[in-house]
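Colleague: Before I use any label from this model, I want to know what backs it. Can we go through them one by one?

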Amino acid sequence: MNDIPSTPGKFKSTLYTPRFRFPRVTLYTLLFLTFVFFIHFFLSPPSTTAPRRGLRDSGWDNQVKGSAKTRSRDNHVVLVTGACGFVGAHAAASLKKRGDGVVGIDNFNNYYDVRLKKMRKLHLLDKNGVFVIDADINDVPILKKVFGLVRFTHVLHLAAQAGVRYAMVNPDSYIKSNIDGFVNLLEIVKSLNPQPAVVWASSSSVYGLNTKVPFSEKDRTDQPASLYAATKKAGEEIAHTYNHIYGLSITGLRFFTVYGPWGRPDMAYFFFTKDILKRRTISIFEGPEHATVARDFTYIDDIVKGCLSAIDTAKKSTGSGGKKKGEAQFRIINLGNTSPVSVNKLVSILEKLLKVKAKKKVVLMPRNGDVPFTHANISLARKELGYRPTTDLETGLKKFVKWYLDYYGGKKKSSY
Ligand SMILES: NC(=O)c1ccc[n+]([C@@H]2O[C@H](COP(=O)([O-])OP(=O)(O)OC[C@H]3O[C@@H](n4cnc5c(N)ncnc54)[C@H](O)[C@@H]3O)[C@@H](O)[C@H]2O)c1
Ligand SMILES: *[C@@H]1O[C@H](CO)[C@@H](O)[C@H](O)[C@H]1NC(C)=O
């Protein structure tokens, strides 16, 4: 209530004409309560996020329902978790644009700059009419309320604690979002009738220390190199369990280093750009014995297309109300670009686009979660999803840099 600049006392003479005298204290208490009531019900600003509101609020209900409206009967109705994250914001906007009903949920945690999440919401979601619930996926009352209001056909589950190095700083956050949160969501989804189909983000990091390339879905995934990877691998096993016991249709997508406009500031292409522009020295990792570090960089639009077609090709869940009625679809699919690029090449593309020579120092990659090399075999994605990535790193980075200069350049001029 800090931002309410008024005092209760000033209503005294207009609101209350005494025929008999109340004790002073009771009078002030009454006036104060009236004031609080007034402020609470009439002055709370309309907002497209609703922290802890919503359990008894018909305006909120209507916003959720409105956002879930489809353009035609054949469109899907999708709950997108992690909707103000990098992939979530793009995916939710894209679903809404093609006519699907979309409701987002995000807890706006401060793992990285919260303003960036809010700006994604403003520019990608509000603009397209996607309502976002400000809540944690561990919040059972809110989830139950939302699933009670809207009959979702699909859940696109992208909320997670991402990043491999931060797991050594805050291991708990990985367990809370990637394990507890996922189980909580599946527990609620499995007991619905009808059950929605689930599409969710796993990660290429499950391939861990594997050296056989390209990485195929059939390869072993039992040597994770980070707690992040371990929670994603655990998620795949948990997903299998819910598919097996409850008949949930579940598709896990193993994303390979996604990049692009509105991207994540904790990723190398992003902070290299920032540091190169600030003339700061950047650290280039190399593997043992000067081995090149390389990534299969995948452009955001390609990933979004993969997510949408995973939704479109997902079969219906077979269970209802917590009971399995038959075998349900279970898929795990790589979404990559199939052309790994070395960090050196990444930097030289950025230098060209930014027209600044980078100051570099080469350091041995610390053994804290990163793997030296990723390369996706996407033949399954091609077959199952008709997935065909079309953006190479140079083209994609050009779009990223344009966005970056716009966003952070414009920032100095305006005030946000
Ligand atoms: N970006 C990549 O390169 C990449 C690669 C592999 C896998 N993934 C996976 O893809 C998904 C999306 O990644 P991203 O790059 O968009 O990350 P992101 O961090 O930008 O987005 C995740 C969003 O989820 C929200 N969130 C986190 N925990 C939550 C919780 N408990 N309740 C509600 N909201 C919560 C965050 O606030 C954030 O906005 C994640 O599951 C990530 O692990 C991403
Ligand atoms: C890619 O994976 C498919 C199975 O999905 C497999 O048949 C093929 O041999 C793999 N290709 C390579 C180059 O490993």
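**Labels and what backs them**

Modeller: Start with the shell around ligand 1. Helix 4 (86–97), strand 2, helix 7 (171–190) and strand 5 (197–203) each supply at least two of its residues. Helices (H or I, at least four residues) and strands (E, at least two) are DSSP runs, numbered from the N terminus. This is a predicted model: local features need pLDDT of at least 70, side-chain atom pairs count only at pLDDT 80 or more, and totals for chains, interfaces and linings use all residues. Residues are numbered from 1 along each chain as its sequence is written, while chains are lettered from A and ligands numbered from 1 in the order in which they are written.

Colleague: Which residues come nearest to ligand 1?

Modeller: G82, G85, A160, A201 and F255, out of 28 residues around it. To count as near, a residue needs its C-beta atom, placed from the backbone, within 6 Å. Helix 4 gives the most, with 3 residues.

Colleague: How do the residues of that shell divide into nonpolar, polar and charged?

Modeller: Into 13 nonpolar, 11 polar and 4 charged. Ala, Val, Leu, Ile, Met, Phe, Trp, Tyr, Cys and Pro count as nonpolar, Asp, Glu, Lys and Arg as charged, and the others, Gly among them, as polar. Around ligand 2 sit P214, S216, N377, S379 and L380. By class, that shell has 2 nonpolar, 3 polar and no charged residues.

Colleague: Why is T257 called buried?

Modeller: T257 has 22 other C-beta atoms within 10 Å. Buried takes 20 or more within 10 Å, exposed 12 or fewer, partly exposed falls in between, with C-beta atoms placed from the backbone. So T257 is buried. F108 has 16 such neighbours inside 10 Å, so F108 is partly exposed. Phi is positive in each: near 30° for T257, near 50° for F108.

Colleague: What order do the 7 strands of the open sheet take?

Modeller: The order is 3-2-1-4-5-6-11, and the pairing is parallel. Strand 3 (131–134) and strand 11 (330–335) stand at the edges with a single partner strand each, so one side of each has no neighbour in the sheet. The twist averages 20° from one strand to the next, between N-to-C axes fitted to C-alpha atoms on a 0 to 180 degrees scale.

Colleague: How do you know that strand 4 and strand 5 pair?

Modeller: They share 4 bridges, in the parallel sense. Pairing takes at least two DSSP bridges. One links H157 to W200 in strand 5.

Colleague: Why do the buried residues of helix 11 line one face?

Modeller: The buried residues of helix 11 are V343, L346 and L350. Down the axis they fall within an arc of 55°, so they line one face. The arc uses directions from the helix axis to the C-beta atoms.
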